[in-house]
Amino acid sequence: MLKPHLTRDAAEQYILGALAPEKAASLEAHTLECEPCARLLQEEALLSEQLHEVASTVPRDAHVLRPARWDTRRMGLGTAGAALATAASLAFVLLSGERPPPASSPLPLEMAPPTVALEKLEMEVAEPRAVVVACPDLATQASCTQAAEERGLLVQYPWGTGEVPRYEARTGLPEGALSARRPVSL
Amino acid sequence: MSAAVQGLRMTTLRLSKEADEPAEATAPGGDEALLARRALAGDRAAWDALVARHHRRVVVSLLARGVRVDRAQELAQETWARLIQQQQRGLLTELRLPNLALTQAAFLAADDARRARRESVASAVDELPERHHPVDPAVSAERRLLSEEQLSRAHAALAQISPSARNVFLLACDGQELPHAEVASRVGLSVQRVRQILCEVRKKLRTALEEETHA
């Protein structure tokens with residue numbers, strides 16, 4: 001008497017090697033007598049071979065194993081880094097005064113990671129301590145000195161060796177050269 | 001010939017022990033490249049481990065070619081015997097499994113079909129071997145290759161399943177022939193759950209491949 005026909009699930013389990021040895025032997029014996037079941041088994045085997053082909057053509061980067069929260073953590077780090085870089089660039093602009101950065105060394109804040117930006121920020125914060133200010137005259141010396149010391153700046157007194165800057169300094173251009181009314185030969 | 005018989009006996013012995021000692025064949029330390037080097041040097045234990053790992057794949061590939069299951073088992077045994085014989089003669093310089101075994105098995109299946117056809121050339125039509133071989137292995141070789149469109153459909157279906165299920169599928173089917181127990185230990189799931197996931201992925205990919213076929 002012929003045994004019951006194969007189900008697709010049973011054939012699938014056989015192909016996957018998940019059947020118990022007795023059931024596998026019974027299935028094999030049945031397929032030798034029943035051509036439709038042999039064809040069903042062949043279909044499952046063919047599908048298995050095709051799946052190997054599919055798996056072998058999947059791009060390799062899909063194999064990378066990542067923790068489930070890896071992307072979240074990376075996004076958080078990126079956001080924190082961007083915020084730090086923004087804060088660093090803002091602080092740099094506010095604290096560096098009116099001195100433009102040297103043309104040969106562009107600011108690394110746009111390009112470098114946040115840790116590097118923080119180091120640069122500390123360097124730029126410390127730099128104003130080397131700035132020397134000169135109080136223009138004796139009348140405002142007291143307030144000028146106090147304000148400069150509060151900002152941590154060095155003060156050059158009017159009677160010191162440094163020259164007191166003059167607001168009416170000459171530009172070196174002929175008189176009327178900056179006027180837009182008429183051309184002036186230099 | 002004696003070498004082949006010796007190899008065949010060894011392989012048969014190992015397969016009979018497989019059910020009792022699955023841990024030996026699936027040991028994480030059994031690196032494929034190391035096993036291949038040892039097998040090329042004539043290490044019987046390495047051959048046993050490689051046969052235990054890849055034998056089922058060879059049988060399934062023969063079944064996919066339309067070979068009857070009993071003949072598929074015999075041809076798979078003969079495949080390993082031929083490979084071991086080649087190694088013992090010093091003719092095997094490289095051992096890339098399962099591809100080498102699959103190629104050897106396909107050659108044996110085609111040769112078997114040709115011989116059967118030649119022997120039955122004077123018989124009645126009802127007794128032709130095609131009656132017992134639903135698909136001629138030689139003919140089905142080209143038919144088995146998936147088209148580009150089928151592959152893209154399968155990839156699209158694969159992209160829609162969860163990353164963990166996709167990972168299980170790739171670990172089980174990417175050619176390393178990892179046992180399900182090894183896959184389960186790598187992904188932290190039970191063997192039963194791994195097999196359940198594989199069945200689900202098979203259903204999705206079967207649907208994707210059949211859609212293309214019917215279109």
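The model is predicted; local features need pLDDT of at least 70, side-chain atom pairs count only at pLDDT 80 or more, and totals for chains, interfaces and linings use all residues. Residues are numbered from 1 along each chain as its sequence is written, while chains are lettered from A and ligands numbered from 1 in the order in which they are written.

Chain A has a mean pLDDT of 70. Of its residues, 50% reach 70 or more. Over residues 125–129 of chain A, pLDDT stays under 50. For that stretch the model has 6 contacts beyond four places in sequence. Two residues are in contact if their C-beta atoms, placed from the backbone, lie within 7 Å. Where pLDDT is low, the predicted coordinates should not be read in detail.

Chain A contains 6 helices and 2 strands. Their order along the sequence is α-α-α-α-α-β-α-β. Chain A has 186 residues, of which 15% count as buried. A residue is buried if 20 or more other C-beta atoms lie within 10 Å of its own, exposed if 12 or fewer, and partly exposed in between, with C-beta atoms placed from the backbone. In chain A, 48% of the contacts between residues at least 6 apart in sequence join residues at least 24 apart. Helix 1 of chain A has buried residues at A:Ala10, A:Ala11, A:Glu12, A:Tyr14 and A:Ile15. A:Gly17 follows helix 1 of chain A and has a positive phi, near 80°.

Chain B contains 11 helices and 0 strands. Its pattern along the sequence is α-α-α-α-α-α-α-α-α-α-α. Of the 215 residues in chain B, 33% are buried. Contacts with a separation of 6 or more in chain B come to 67% from residues 24 or more positions apart.

The contact between the chains takes 30 residues from chain A and 32 residues from chain B. On the side of chain A that touches chain B, helix 1 (8–16), helix 2 (21–33) and helix 3 (35–57) of chain A each supply at least two residues. Helix 3 of chain A gives the most, with 17 residues. By class, this side of chain A has 16 nonpolar, 9 polar and 5 charged residues. Ala, Val, Leu, Ile, Met, Phe, Trp, Tyr, Cys and Pro count as nonpolar, Asp, Glu, Lys and Arg as charged, and the others, Gly among them, as polar.

The largest nonpolar core has 60 residues. Such a core is a set of buried Ala, Val, Leu, Ile, Met, Phe, Trp, Tyr and Cys residues joined through C-beta atoms within 7 Å. B:Leu62 and B:Leu63 have the most contacts inside it. Helix 4 (residues 44–64) of chain B supplies the largest share of this core, 11 residues. Neighbours within four places in sequence aside, B:Leu63 is in contact with A:Leu41, A:Gln42, A:Ala45, B:Val69 and B:Ala72. In soluble globular proteins, nonpolar side chains tend to be buried together.

B:His55 also lies in helix 4 of chain B. B:His55 counts as buried because it has 24 C-beta neighbours inside 10 Å. B:His55 and B:Gln73 are 18 residues apart in sequence, with a C-alpha to C-alpha distance of 9.1 Å. B:Glu32 is in helix 3 (residues 32–40) of chain B. B:Glu32 has 19 C-beta neighbours inside 10 Å and therefore counts as partly exposed. The C-alpha atoms of B:Glu32 and B:Ala46 are 9.5 Å apart, for a separation of 14 residues along the chain.

A cis peptide bond joins B:Leu97 to B:Pro98, with omega near 5°. B:Pro98 lies in the loop between helix 5 (69–88) and helix 6 (99–119) of chain B.

Methods
Helix = DSSP H or I, 4+ residues; strand = E, 2+ residues; numbered from the N terminus. pLDDT = per-residue confidence, 0-100.
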